[in-house]
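Open your viewer and get ready to click along. We will go from stop to stop, selecting a few residues at each one.

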Amino acid sequence: MQRNPHWAGWILAGVLMVAETRSAQAEVWQGQAEIEFHATSTLHDFSGTVRAQPFSVLLAVDEPTATLGGTAQVAVAQMDTRHAKRDANMRKMFDAARFPLITGAVGPIRIDPASRTPVPLLLTIRDRTQTVPATLADWRMENGILRFELDMVLSLRKCGLSPPVLLGFIKVGDAVSVRIRVELEQPAARESGP
């Protein structure tokens, strides 16, 4: 299994975040995320989905703001466009045998849940790490469950990816729209569960 390249940085970041959030208690929340991506091609557009592996984030809610930081990973082999040949080509493009995981890291950053908040997402695909601008929106907290969405547009070229050209003319567009639906569970909600 590929190691998370950011673990040491996140331990330090977590310590700093706890030190900076004196009025709010930082807690480790358990997370899951459903990722949907949309791409274009010269033949027709297509979409796909993948679930992130279970992850943890450090979150301090200090109304009206919050501070959030964490890392999540996606297995390339689980990315699904509902077309076997296209999925095989996609895994080849990502070189899934050598780089089986995509890693996304956020924060710790202070956010304003009441507005669409810009979020710099540190994204590692294959052997290349870059900061991708994302937008956090639709923040909803209920019964110890926090839900929000992250939206971004990825450039395959900037990620170091070259999609295959099929039959000499079918080519995938460079821009891929990504929506991440995140659900976080507060520690107290887990402890009071069935």
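Is Arg147 buried, exposed or partly exposed? Select Arg147 and take a look: with a relative accessible area of 30%, Arg147 is partly exposed. Keep in mind as you go that this is a predicted model.

**Stop 1**

The side chains of Glu183 and Arg147 form a salt bridge, with 3.0 Å from N to O. Glu183 belongs to strand S9 and Arg147 to strand S8, so this pair ties together parts that are 36 residues apart in sequence. Glu183 is partly exposed too, at 26% relative accessibility.

**Stop 2: another pair, then a network**

Next, select Glu149 and Arg179, whose side chains meet in a salt bridge of 3.5 Å, N to O. Here Glu149 sits in strand S8 and Arg179 in strand S9, 30 residues apart. Glu149 is buried because its relative accessible area is 15%, which is under the 20% cut-off. Arg179, at 34%, is partly exposed.

Move on to Arg181 and Glu36. Their side chains make a salt bridge of 3.1 Å, N to O. This one links distant parts of the chain: Arg181 is in strand S9 and Glu36 in strand S1, 145 residues apart. Now show Glu36, Glu149, Asp151, Arg179 and Arg181 together, and you have a network linked by salt bridges.

**Stop 3: a hairpin**

Colour strand S1 (residues 27–39) and strand S2 (residues 46–51). They pair in the antiparallel sense over six bridges. The two strands form a hairpin, with six residues between them. For one of the bridges, pick His38, whose partner in S2 is Ser47.

**Stop 4: the loop between S8 and S9**

Which residues does Asp174 contact, leaving aside neighbours within four places in sequence? Select Asp174, in the loop between strand S8 (145–155) and strand S9 (175–185), and you will find Leu154, Ser155, Leu156 and Arg157. The side chains of Asp174 and Ser155 are joined by a polar contact of 2.8 Å. A polar atom of the Asp174 side chain also lies 2.8 Å from the backbone nitrogen of Arg157.

Finish with Gly160, which lies in the loop between S8 and S9. Gly160 touches Arg126 and Arg128, not counting residues up to four places away in sequence.

Methods
Residues numbered from 1 in each chain as written. Predicted model: local features only at pLDDT ≥ 70, side-chain atom pairs only at ≥ 80, totals over all residues. Heavy atoms only, no water. Helix = DSSP H or I, 4+ residues; strand = E, 2+ residues; numbered from the N terminus. Contact = heavy atoms within 4.5 Å. Polar contact = N/O pair within 3.5 Å; in protein donor to acceptor, adjacent residues only side chain to side chain. Pairing = 2+ DSSP bridges. Salt bridge = Lys/Arg side-chain N within 4 Å of Asp/Glu carboxyl O. Buried < 20%, exposed > 50% of the residue type's maximum accessible area, 1.4 Å probe, protein only.
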